[in-house]
Amino acid sequence: MRQASVPHGATRRSPLRVATTLIATGVVAAATAVAFASAADAATTLGASAAQSGRYFGTAIAAGKLGDSVYTTVANREFTMVTAENEMKIDATEPNQNQFTYTNGDRIASWATGNGKRLRGHTLAWHSQQPGWMQSMSGTALRNAMINHITRVATHYKGQIYAWDVVNEAFADGNSGARRDSNLQRTGNDWIEVAFRTARAADPGAKLCYNDYNTDGQNAKSNAVYAMVQDFRSRGVPIDCVGFQSHFNSQSPVPGDYQANLQRFADLGVDVQITELDIEGSGSAQAASYSTVVKACLAVSRCAGITVWGVRDTDSWRASATPLLFDGNGNKKPAYTATLDALNGGPTNPPTSDPTTPPPTGGACSASTTLNQWTGGFTATVRISAGSAAVNGWAVTLTLPAGASVTNTWNAVAGGGSGTVRFANASYNARIPAGGSTEFGFQGTGTGPSATPSCAAS
Ligand code: XIL
């Protein structure tokens, strides 16, 4: 049998093309095994390796460091996306009310575009890093100042921004699931959707993200963000993406359900992005955590890319904890190698994203629940039915009443135990033929769910 022809000296080759070529020449059995870039073909920078699956790999950039040639050499070589670390924040761009200063933001933007990189905008509305004049404002005056700020800044950068973090960190930490108290929040609960609508009007070409921390796993805070995104999607509030900052350390390690959490947001019809990744530590433990994060993103088709929050450890806002991929001299750390290897070995499912995608209209599966309720407990049986096309995988999302929690699940994998819970197929019941159905069940304490669950097919 003729060997698949591979151009000699090719340094980057789409893994998808490898598989396609082999199938075309009949080596079908080998296609799965080599559906990843082989070592000889592996891309040698973070940006190029992420690009093999259509993703970006970015960094935060500080304008004050653009004169440091070690910094710019590493940044230019490795990254394909740039976020201004501080220079597009409210205090930087509008230091006095209605006086806009774009000097440092523009330096970063022109460095990025001049070197062929895309830009993430960070951030238009935030309780922190507000200029003094805004900190002391409230009510209608503040609401109007926010709208003016978003309009002016998003218009200035119109056409240059891949995605804006429109609103940053608007939810409270802990178990309340509440909004964070702030002067912006006190202008009215609708301030977030007003911010998104304002940003869309100013720059319709930019993806619009909500960005936060401590939302990386399923918890009360991320459940609250999830409910907001679900609500925005159902009411047509323009939101395209959710940013997961992903600042990790030993007190706040990469959560075990990181991938499942990214996936449940993606299932709402938004892109997910890892926006400010840094992981405190060193050596193989740090490397392993970076690898976990990269693999989680690669496994979620709507995970569009990863941004680390700085270039070298010494550039980090948490420099003493050495959370980045390069040491202070710009040398690659074990965490770098683990990240590159994970990017080169990852699955090829390309990110599917489109800022103008309308909210989902139903999908190819539906779900219904039969409840057996007693005082203080229940069992629920959920039937998933495929439509006129077969389903290759499914995930059912339902919201439990306050106080209820899942204690036991069968024929599905549960993500989360209370609030909004996502159940994904088990390996043996992923496929449902056209017109067919399957069932899973769970037991819980408290009152069982009464609303119709949502079902996402893959
Ligand atoms: C940080 C910057 O890295 C620091 O230089 C600055 O002093 C404070 O802000 N979440 C965010 C980022 O969204 O904007 C923050 O960046 C880190 C936490």
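Trainee: How many salt bridges does the structure hold?
Mentor: The count is 19. Keep in mind that the model is predicted.

Trainee: Pick one. Which residue does arginine 186 meet in a salt bridge?
Mentor: Aspartate 181. The N to O distance is 2.7 Å.

Trainee: Is arginine 186 buried or exposed?
Mentor: Exposed, with a relative accessible area of 56%.

Trainee: And aspartate 181, buried or exposed?
Mentor: Exposed too, with a relative accessibility of 57%.

Trainee: Next one. What does aspartate 240 pair with?
Mentor: Arginine 200. The closest N and O atoms of that salt bridge are 2.9 Å apart.

Trainee: Where do aspartate 240 and arginine 200 lie?
Mentor: Aspartate 240 is in the loop between helix 10 (220–235) and strand 6 (241–244). Arginine 200 is in helix 9 (residues 191–202). The pair therefore ties together parts that are 40 residues apart in sequence.

Trainee: Is aspartate 240 buried or exposed?
Mentor: Buried. Its relative accessible area is 5%, and the cut-off for buried is under 20%.

Trainee: Are arginine 312 and aspartate 315 buried or exposed?
Mentor: Arginine 312 is buried, and aspartate 315 is buried as well.

Trainee: Which residues are linked with Arg312 and Asp315 in a network?
Mentor: Lys65 and Asp68. Salt bridges link these four residues into the network.

Conventions: Residues numbered from 1 in each chain as written. Predicted model: local features only at pLDDT ≥ 70, side-chain atom pairs only at ≥ 80, totals over all residues. Heavy atoms only, no water. Salt bridge = Lys/Arg side-chain N within 4 Å of Asp/Glu carboxyl O. Buried < 20%, exposed > 50% of the residue type's maximum accessible area, 1.4 Å probe, protein only. Helix = DSSP H or I, 4+ residues; strand = E, 2+ residues; numbered from the N terminus.
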